[in-house]
Amino acid sequence: MSGRFLEDFHAGDMIASSEAYEITDQNIRDFAIEYDPQPIHLDPAAAEASVFGGIIASGWHSLSVTMRLMVRSNIFGGAPVVGVGVDTLRYLQPVRAGDRLTARAEVLGTRPSSKTPDRGYLMLRVITTRHDGEPVLTQDWTVLVSRRADQGTPSK
């Protein structure tokens, strides 16, 4: 298998998206129609009267963009991103048309699997920011990662 293994990650390592994603009126609308059809995402008058003062992207849209950015960052060198859990998800700022989002992840730690020695768990803090540097959401991921053959098997 090619790619990065559990042993290649260390607490404090940073992985940044190699691209940005621009939120547009159209992709806000398209996502909301399909997955989150609330007035704050679709109806300008209702959104204007809301606490947000205008149309905002769905939080689920921002999360989906984050996933796209992290996968395209090639975090695992071509191996799939296999999620086990997401904890402490926080929406910090509304996302609006014109925002360009990027994502980065800090390695919080690693842990070999106690049941399956050929894999382990990588804990990441993922932060999505807009073009002005303001974080718009944070979340902690636990992902399943392969271990090197010489690391994942008990010695005899």
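Mentor: Gladly! Buried residues make up 37% of the 156 residues in this chain; buried means under 20% relative accessible area, exposed means over 50%, and partly exposed is what lies in between, with a 1.4 Å probe and protein chains only. Keep in mind that the model is predicted, so local features need a pLDDT of at least 70 and side-chain atom pairs count only at pLDDT 80 or more, while totals for chains, interfaces and linings use all residues. Residues are numbered from 1 along each chain as its sequence is written, and side-chain values use heavy atoms, leaving out hydrogens and water.

First, the setting. The chain has 5 helices and 6 strands (DSSP runs numbered from the N terminus: helices are H or I with at least four residues, strands are E with at least two). Read from the N terminus on, their order is β-β-α-α-α-α-β-β-β-β-α. Along the principal axes, the C-alpha atoms of the chain fill a box of roughly 70 × 25 × 25 Å. Of the contacts (heavy atoms within 4.5 Å) between residues at least 6 apart in sequence, 69% join residues at least 24 apart.

Now to the helix itself. H1 spans residues 25-35, and its buried residues are Asn27, Ile28, Phe31 and Ala32. These four sit on the same side of H1, because they cover an arc of only 130 degrees around the axis, taken from the directions from the helix axis to the C-beta atoms. On the face turned away from that buried side you will find the exposed residues Asp25 and Glu34. What lies over the buried residues of H1? The cover includes strand E2 (21-22), helix H2 (39-42) and helix H4 (59-72).

The partners are Phe31 and Tyr35, with 5.0 Å from centre to centre and 45 degrees between the planes, which makes the pair tilted. (Rings of Phe, Tyr and Trp, the last by its six-membered ring, pair if their centres lie within 6.5 Å; planes under 30 degrees apart are stacked, over 60 edge-to-face, the rest tilted.) Because Phe31 and Tyr35 are 4 residues apart in H1, about one helical turn separates them.

Asn74 is not a glycine, yet its phi is positive, about 60 degrees. It belongs to the loop between H4 and strand E3 (82-91), and Asn74 is partly exposed at 44% relative accessible area. Thr88, not a glycine either, has a positive phi of about 45 degrees. Thr88 lies within strand E3 itself, and its relative accessibility of 44% counts as partly exposed.
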